[in-house]
Amino acid sequence: MKHYPIEPLWQELIYLAYHLHWDLDQLIDLEHADRARLVQGVAALNARAWEEARQL
């Protein structure tokens, strides 16, 4: 079993919990690749929302 560095893991968990309102168990159960894809997706949504807000 490969271990993921703890600090980056916590940063991903905090980011996703804040934006998706999922509980810690749900987030920890995700495979790293799935969690990373969610982080990228949420970041893209945030970037798009901020860009739209700037254009107002």
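1. The protein chain has three helices and zero strands (DSSP runs, H or I of at least four residues for helices, E of at least two for strands, numbered from the N terminus). The order from the N terminus is α-α-α. This is a predicted model: local features need pLDDT of at least 70, side-chain atom pairs count only at pLDDT 80 or more, and totals for chains, interfaces and linings use all residues. Residues are numbered from 1 along each chain as its sequence is written, and side-chain values use heavy atoms, with hydrogens and water left out.

2. Look at the overall dimensions. The C-alpha trace spans about 50 × 20 × 15 Å along its principal axes. Of the 56 residues, 12% count as buried (under 20% relative accessible area; exposed is over 50%, partly exposed in between; 1.4 Å probe, protein chains only).

3. Arg35 sits in helix α3, residues 32-54. Arg35 counts as buried because its relative accessibility is 4%. Its side chain makes a polar contact of 2.8 Å with that of Glu12 (a pair of N or O atoms within 3.5 Å; within protein, one must be able to donate a hydrogen and the other to accept it, and residues adjacent in sequence count only if both atoms are side-chain atoms). Beyond neighbours within four places in sequence, Arg35 is in contact (heavy atoms within 4.5 Å) with residues including Tyr4, Leu16 and Leu30.

4. Now Trp10. Trp10 lies in helix α1. At 38% relative accessible area, Trp10 is partly exposed.
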